[in-house]
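Okay, everyone, thanks for coming. Let me put the model up and then we'll walk through some helix packing and the ligand shells.

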Amino acid sequence: MGDRETRCNAGGQFMDRGRMNQNGVVQPLLTDLYQITMAYAYWKSGKTDDHSVFDLFFRSNPFHGEFTIFAGLDECLRFLESFHYSESDIEYLRRTLPEGTENEFFDYLGDLTAKDVTLHAIDEGTVAFPRVPIIKVEGPLIIAQLLETTLLTLVNYASLMATNAARYRMVAGKHVNLLEFGLRRAQGPDGGLSASKYSYTGGFDGTSNVLAGKLFNIPVKGTHAHAYITSFSGIEELKARLLKHKLTAGVTGDLLELAIKYRQKLSTVLNVSMEESSEGELAAMVSYAIAFPDGFMALVDTYDVKRSGLLNFCAVALALNDLGYQAVGIRIDSGDLAYLSCLARETFERVAERFKVQWFNKLTIVASNDINEETILSLNEQGHKIDCFGIGTHLVTCQRQPALGCVYKLVEINGQPRIKLSQDVEKVTMPGHKNAYRLYSSDGHALIDLLQKVSETPPEVGQKVLCRHPFQESKRAYVIPSRVEPLYKIYWQNGKITQKLPTLELVREKVQKSLKTLRNDHKRTLNPTPYKVSVSDNLYNFIHDLWLQNAPIGELS
Ligand SMILES: Nc1ncnc2c1ncn2[C@@H]1O[C@H](COP(=O)(O)OP(=O)(O)OP(=O)(O)O)[C@@H](O)[C@H]1O
Ligand SMILES: O=P(O)(O)OC[C@H]1O[C@H](OP(=O)(O)OP(=O)(O)O)[C@H](O)[C@@H]1O
Ligand SMILES: O=C(O)c1cccnc1
Ligand SMILES: [Mg+2]
């Protein structure tokens, strides 16, 4: 295994690993100090090779919802593949751990890899539910412990982001385009990249983030900023005005002249005064159209959408039409997005009819400006004509809930179950090495997730199985599944990735397929029905016996 430093590219940030790139910041020292101090103490106390099982799971769904999309597995596996402390890492640890830390421990760390660990996981892109482990790590205690923080950081934000994006997709509907515009507002450069990647996974159609496009093969899209419009103050500033006809060789037109001619005609058709509209805006639009005659998309809200932006846009788009080009559309970034999008659509329809340009009916209307899930729901209620939302701040910062609380808990050591007790019943861990099954009804919907001890026989199609609430004794149900899906696959064993990993595109498709298996009442935004997560009778009794054994008995006097 080569030294990590030599695998970084010139920018020092990303390793080109073929199928999907991994951020070079993901390395064994990207962890909490206590993992390494615990490793030393485990090593000193002869627990290095104790066989451990850890569960990685979350306790509640984000955004007041009843589902979570599991994402980040691909990066976890790449982390395991490359897990190795470089010479400079060991050097740093020698300087950082307390004096007296034995040399042999550093030799041990220098040789450590993840080859003795087995990782079981749910498929990336699947819907997941509270308390059902999404990853299980099995192996020697030290290495399994050392993976905790990095696996958590790789899964928590990825899953939160993919879930957030999937929720935006659900409220927007499948026919609206969703673009992620959040890099400038994201939690730092790495947060920005992860946001672009996992918003695509969750169902966005593209990003404005160019590096994310290059690294993850995500479509990159965009319009232009107000600065482009305001950089022109009049038509006299236009240096280039000529444009070659798209199809007729030898024909060249003066785009500005054509646009001015149409602007005059349009001012009567649209009933707006030319004097009120901005000439600087017209100049900016003409120059942008000359640069991108086939992809002309203009920001129309710099001065006034109705009195200036739409008039100038339509004038330039009609001028382009004379030269054989079709404009793409507009972006509105302020004001009442419902009203303005309807106004824009009506304007385009009127122009289409009056000037016999059918394609005007199909112009794209992009809306942006502090959009969140509620804004989209409200716009849907009001009625709007927006084809595409550009969403930044609230998407990437996960405004409604900034973190998913995935945890990593020891559940078994040397075949002995471990339980973490809490005053809060919901926080009590489910001990022992467990398997999880998703049971489906005859109409194809997921009914319930069932956790069992690994030693138990899996549930079978058509066979009645008792599913119990993990903590409330009276809550039980018999389920006769029409389909039983074992949720875990071994993804990493003997130092190798053991499954063919899907591309980002396939994970993205998986998200939508998996969401389809959920009933609508689990997915609605307001007061969704909780999805049931249950345990077998056997596991129920096992948990509760262990709970009683471990809970100290108080004494009253
Ligand atoms: N029809 C609508 N229904 C609900 N929310 C809307 C509607 N239109 C716009 N919004 C939202 O309302 C907010 C308006 O933001 P703000 O008050 O800053 O106005 P603005 O139009 O951006 O003003 P300015 O032009 O001064 O920047 C944004 O979050 C936007 O997404
Ligand atoms: O609103 P968001 O969801 O974060 O989407 C991204 C925003 O970033 C851009 O402008 P910026 O906000 O930087 O400047 P502006 O609002 O002054 O145009 C763009 O015009 C959007 O408004
Ligand atoms: O391309 C855009 O329109 C864009 C990109 C980033 C932020 N706001 C808008
Ligand atoms: Mg803004």
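Let's start with a question: is the crossing of α3 and α7 left-handed or right-handed? The crossing of α3 and α7 is right-handed; the convention is that a crossing is left-handed if the near helix is turned anticlockwise from the far one by less than a right angle, and right-handed if clockwise.

Quick housekeeping. This is a predicted model, where local features need pLDDT of at least 70, side-chain atom pairs count only at pLDDT 80 or more, and totals for chains, interfaces and linings use all residues. Residues are numbered from 1 along each chain as its sequence is written, while chains are lettered from A and ligands numbered from 1 in the order in which they are written.

Back to that pair. Helix α3 covers residues 73–82 and helix α7 residues 148–172, and their axes come within 8 Å, crossing at roughly 155°. That makes α3 roughly antiparallel to α7. Helices here are DSSP runs of H or I, at least four residues, strands are E runs of at least two, and both are numbered from the N terminus. Axes are lines fitted to C-alpha atoms, for helices over the stretch in contact, with angles from 0 to 180 degrees between N-to-C directions. Under 35 degrees counts as roughly parallel, over 145 as roughly antiparallel, 65 to 115 as roughly perpendicular, and the rest as oblique.

Who touches whom? E75, C76 and F79 of α3 meet T150, L151, L154 and V155 of α7, contact being C-beta atoms, placed from the backbone, within 7 Å. By class that's five nonpolar, one polar and one charged. For the classes, Ala, Val, Leu, Ile, Met, Phe, Trp, Tyr, Cys and Pro are nonpolar, Asp, Glu, Lys and Arg are charged, and the others, Gly among them, are polar.

Next pair: α13 (residues 305–322) and α14 (residues 337–354) pack at about 40°, axes 11 Å apart. That makes α13 oblique to α14. This crossing is right-handed. On the α13 side you have V305, K306, L310 and C314, facing L340, L343, A344, T347 and V351 of α14. Seven of those contact residues are nonpolar, one is polar and one charged.

Now, α14 turns up again around a ligand. Around ligand 1 sit S334, G335, D336, L337, A338, N369, D370, I371, T375, S378, L379 and Q382, where near means a C-beta atom, placed from the backbone, within 6 Å. Both α14 and α15 (373–382) supply at least two residues of that shell, and α15 gives the most, with four.

Ligand 2 has 14 residues around it, and F181, D333, S368, G392 and T393 come nearest. Elements giving two or more residues there are β15 (388–391) and α16 (393–396). That shell has three nonpolar, seven polar and four charged residues.

Last one: what surrounds ligand 3? You'll find F181, S208, G222, T223, R331, S368, G390 and G392, which split into one nonpolar, six polar and one charged.

To finish, the annotation. An unreviewed UniProt entry lists residues 29–156 as "Nicotinate phosphoribosyltransferase N-terminal"; its positions follow the numbering used here, feature names are shortened, and annotations may be inferred rather than shown by experiment. In the model, that span is 44% helix and 16% strand, with its end C-alpha atoms 18 Å apart.

Key. Two residues are in contact if their C-beta atoms, placed from the backbone, lie within 7 Å.
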